[in-house]
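Student: I would like to go through this model one feature at a time. Please give the cut-offs as we go.

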Amino acid sequence: ALARMACLRVAVLVAMVAAASAFTVPAMTGLRLRSNKSAMSMKAETPKFAGVSKALAPAIAAASIAAPAFAEGTGEALGVDDGRLLVPIIIIPVFVALLFGNFASTQDNEDF
């Protein structure tokens with residue numbers, strides 16, 4: 001029983017050392033930068049609103065900022081790079097909305 005307890009203590013000690021070694025910082029002696037050049041940086045262009053009234057400028061600025069979010073990496077509207085796909089993308093939701101609007105107009109509104 002005493003030998004078994006000593007073996008268990010050694011196993012726990014080895015497990016603790018192994019777990020602690022996972023939290024050490026790895027040695028980075030062989031890593032170097034390949035060049036002394038600084039990283040490339042890009043400056044965002046600010047939109048110019050020539051000929052736009054001052055009342056519409058904030059709305060146009062918000063729309064121009066949000067426009068890249070709808071391109072989804074393709075640079076095209078709604079992320080679609082084939083113009084033929086825009087037809088079903090637009091027509092199907094409009095058709096479903098019209099069907100739902102027709103259905104909703106026939107329903108009773110006496111729930112509230």
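**Surface, helices and contacts**

Student: What is the accessible surface of the protein chain, and what share belongs to carbon and sulfur atoms?
Tutor: This is a predicted model, where local features need pLDDT of at least 70, side-chain atom pairs count only at pLDDT 80 or more, and totals for chains, interfaces and linings use all residues. Residues are numbered from 1 along each chain as its sequence is written, and side-chain values use heavy atoms, with hydrogens and water left out. Areas come from the Shrake-Rupley method with a 1.4 Å probe, and for residues only the protein chains shown count as cover. The protein chain has an accessible surface of about 11,000 Å², and the carbon and sulfur share is 67%.

Student: How many helices and strands are in the protein chain?
Tutor: Both are DSSP runs numbered from the N terminus: helices are H or I with at least four residues, strands are E with at least two. The order from the N terminus is α-α-α. The counts are 3 helices and 0 strands.

Student: What percentage of the residues of the protein chain count as buried?
Tutor: Buried means under 20% relative accessible area, exposed over 50%, and partly exposed in between (1.4 Å probe, protein chains only). Of the 112 residues in the protein chain, the buried share is 4%.

Student: Which residues make the nonpolar surface patch of about 630 Å²?
Tutor: Patch members have over 30% relative accessible area and no salt bridge; nonpolar side chains (Val, Leu, Ile, Met, Phe, Trp, Tyr) are joined within 5 Å, like charges within 9 Å. One of the members, I89, is in helix 3 (residues 86-105), and I89 is partly exposed at 38% relative accessible area. The patch consists of L85, V87, I89, I90, I91, V94 and L98.

Student: Is the aromatic pair of F100 and F103 stacked, edge-to-face or tilted?
Tutor: Rings of Phe, Tyr and Trp (its six-membered ring) pair if their centres lie within 6.5 Å; planes under 30 degrees apart are stacked, over 60 edge-to-face, and the rest tilted. F100 and F103 lie in helix 3, 3 residues apart, about one turn of the helix. F100 is exposed at 56% relative accessible area, while F103 is partly exposed at 47%. With 6.5 Å centre to centre and 45° between the planes, the F100–F103 pair is tilted.

Student: Which residue meets R84 in a salt bridge?
Tutor: A salt bridge needs a side-chain nitrogen of Lys or Arg within 4 Å of a carboxyl oxygen of Asp or Glu, and the count is 1. R84 is exposed at 66% relative accessibility. Its partner, at 2.8 Å from N to O, is D82.
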